[in-house]
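Please look over the points below with the model open beside you.

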Amino acid sequence: MTTIVTTGRTDLDDLFKLSDILQHKNLSHTPFLAFVADGETVTVRLVSSADELVESYAAETPVMIQWAGKWRSDFFRMTVADVAWGLERRRRARAREQQPGCSICGGSIADGYRPREDELGWLKLCRGCCESYDREHPRPALR
Ligand SMILES: [Zn+2]
């Protein structure tokens with residue numbers, strides 16, 4: 001079996017949160033590179049969206065992508081399974097945001113917003129859930 005060794009950063013949380021690579025429909029500047037092994041041959045394919053990657057390639061397929069910043073540009077390495085996980089987490093976060101009522105108990109929204117623990121957005125909470133949240137997440141004292 002052919003071993004494919006990729007290289008790059010592995011802190012995918014930041015990549016998935018801060019870049020638009022999961023939602024972008026045509027990554028023409030920085031496509032995903034998918035490394036497909038067939039016998040002794042490895043073919044590197046350019047894939048222009050996360051959806052296409054997950055729909056068309058096996059979960060264990062090694063993947064690299066470049067994230068171009070303003071001052072520097074980094075490569076990341078992952079597998080198709082990682083991308084699928086990122087898409088799924090994003091989908092769930094969006095579903096929760098669109099859900100009416102309190103994000104925790106489903107009750108009517110009365111009081112406000114609290115940051116989600118994965119920092120992907122906000123929880124809309126009723127008064128009771130806000131109070132519970134604040135008890136469980138004490139804010140650091142201001143200096
Ligand atoms: Zn609630």
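Predicted model: local features only at pLDDT ≥ 70, side-chain atom pairs only at ≥ 80, totals over all residues.

1. E1 and E3 pair in the antiparallel sense, over two bridges. Strands here are DSSP runs of E with at least two residues, helices are runs of H or I with at least four, and both are numbered from the N terminus. Two strands count as paired if DSSP finds at least two bridges between them.

2. Residues are numbered from 1 along each chain as its sequence is written.

3. Strand E1 (residues 32–38) is also joined to E2, by seven bridges, and the two run antiparallel. Ala37 stands opposite Val42 in E2, and Leu33 stands opposite Leu46 in E2. The hairpin of E1 and E2 has two residues between the strands, and Gly39 in this hairpin takes a positive phi near 65°.

4. E3 and E4 pair over seven bridges, again in the antiparallel sense. Ala68 has Ser73 in E4 as its bridge partner.

5. In what order do the four strands form the open sheet? The order is E2-E1-E3-E4, with antiparallel pairing. Strand E2 (41–47) and strand E4 (73–79) are the edge strands, each pairing on one side only. From one strand to the next, the twist averages 25°.

6. Helix H3 (residues 80–98) lies across strand E3 (62–68) and E4, and runs at about 95° to E4. Axes are lines fitted to C-alpha atoms, for helices over the stretch in contact, and angles run from 0 to 180 degrees between N-to-C directions. Two residues are in contact if their C-beta atoms, placed from the backbone, lie within 7 Å.

7. Leaving aside neighbours within four places in sequence, Thr43 is in contact with Val36 and Asp38. Thr43 and Arg9 are 34 residues apart in sequence and 22 Å apart in space, C-alpha to C-alpha.

8. The chain is divided into domain 1 (12–92) and domain 2 (99–136), with bounds from an automatic or database domain assignment. Taken over C-alpha atoms, the centres of domain 1 and domain 2 are separated by 32 Å.
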